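Thanks for sending this one over.

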Amino acid sequence: MFDMGKRVTPSDMPATSLILDSVNLGKLIKARRTAMNMKLADCAALCGVGINTLSRIENGNPNSTLGATFSILKGLGIKLSHAEYAINFSDDDWV
C-alpha cells in the first residue's frame, strides 16, 4: 500500500488585516502555504530557502532575514502593499 504521508492541515489567517509584526506575517505565510496544500519541505524548496528558515518565519521569529522572507512571499504569490501617509514635523520637534 502506498503511504501518502501526513496531510497538510489548513491554518487560520491572521486576525487582523494589517500585518504589523513578524508573528502575523508568519501566520499569513503559513495560512497561504497550507491553503495551497503545500508541505513545509515542498514550500521551502519552491521558495529557495531552508526548511528551518521557513519554519522560523512561519513561527514569527523576528530575527529572520528580509531576503528569505521576500523569497517566501514571492514563491507563494503574496504581494505587500502600502498605504500612503503623511507625517508633519515642525522644526521644534527635532531636538
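1. At what angle do helix 2 and helix 3 pack, and how far apart are their axes? In this predicted model, the angle is about 105° and the axes lie 9 Å apart. That value makes helix 2 roughly perpendicular to helix 3. On the helix 2 side, L40, A41, C43 and A44 make the contact, and they meet I51, L54, S55 and E58 of helix 3. Sorted by class, this contact has six nonpolar residues, one polar and one charged.

2. Of its 95 residues, 26% count as buried. The accessible surface comes to about 7,500 Å², and carbon and sulfur atoms hold 54% of that area. Among contacts with a separation of 6 or more, 51% are between residues 24 or more positions apart.

3. Now for helix 3 by itself, which spans residues 51-58 and has L54, I57 and E58 buried. Viewed down the axis of helix 3, these buried residues fall within an arc of 100°, so they line one face of the helix. Their packing partners are helix 1 (22-35), helix 2 (40-47) and helix 4 (66-76). After helix 3 comes G60, with a positive phi near 80°.

4. Which residues of helix 4 are buried? They are A68, T69, I72, L73 and L76. Seen down the axis of helix 4, they fall within an arc of 135°, so they too line one face of their helix. The face turned away from that buried side carries the exposed residues L66 and K74. The buried residues of helix 4 pack against helix 1, helix 2 and helix 3. Helix 4 is followed by G77, whose phi is positive, near 75°.

5. T69 sits in helix 4 and has a relative accessible area of 9%; because the cut-off for buried is under 20%, T69 counts as buried. Setting aside residues up to four places away in sequence, T69 touches L25, I57 and S64.

6. Beyond its neighbours within four places in sequence, T34 is in contact with V8, T9, P10 and S11. The C-alpha atoms of T34 and D12 are separated by 9.1 Å, although the two residues are 22 residues apart along the chain.

7. The second residue is N24, also placed in helix 1. Is N24 buried or exposed? At 15% relative accessibility, N24 counts as buried. Its contacts, not counting residues up to four places away in sequence, are P14, T16 and I19.

Terms used. Residues numbered from 1 in each chain as written. Predicted model: local features only at pLDDT ≥ 70, side-chain atom pairs only at ≥ 80, totals over all residues. Heavy atoms only, no water. Buried < 20%, exposed > 50% of the residue type's maximum accessible area, 1.4 Å probe, protein only. Helix = DSSP H or I, 4+ residues; strand = E, 2+ residues; numbered from the N terminus. Arc of directions from axis to C-beta. Contact = heavy atoms within 4.5 Å. Axes fitted to C-alpha atoms, helices over the stretch in contact; angles between N-to-C directions. Parallel < 35°, antiparallel > 145°, perpendicular 65-115°, else oblique. Nonpolar A, V, L, I, M, F, W, Y, C, P; charged D, E, K, R; others polar. Areas by Shrake-Rupley, 256 points an atom, 1.4 Å probe, with all protein chains shown as cover.
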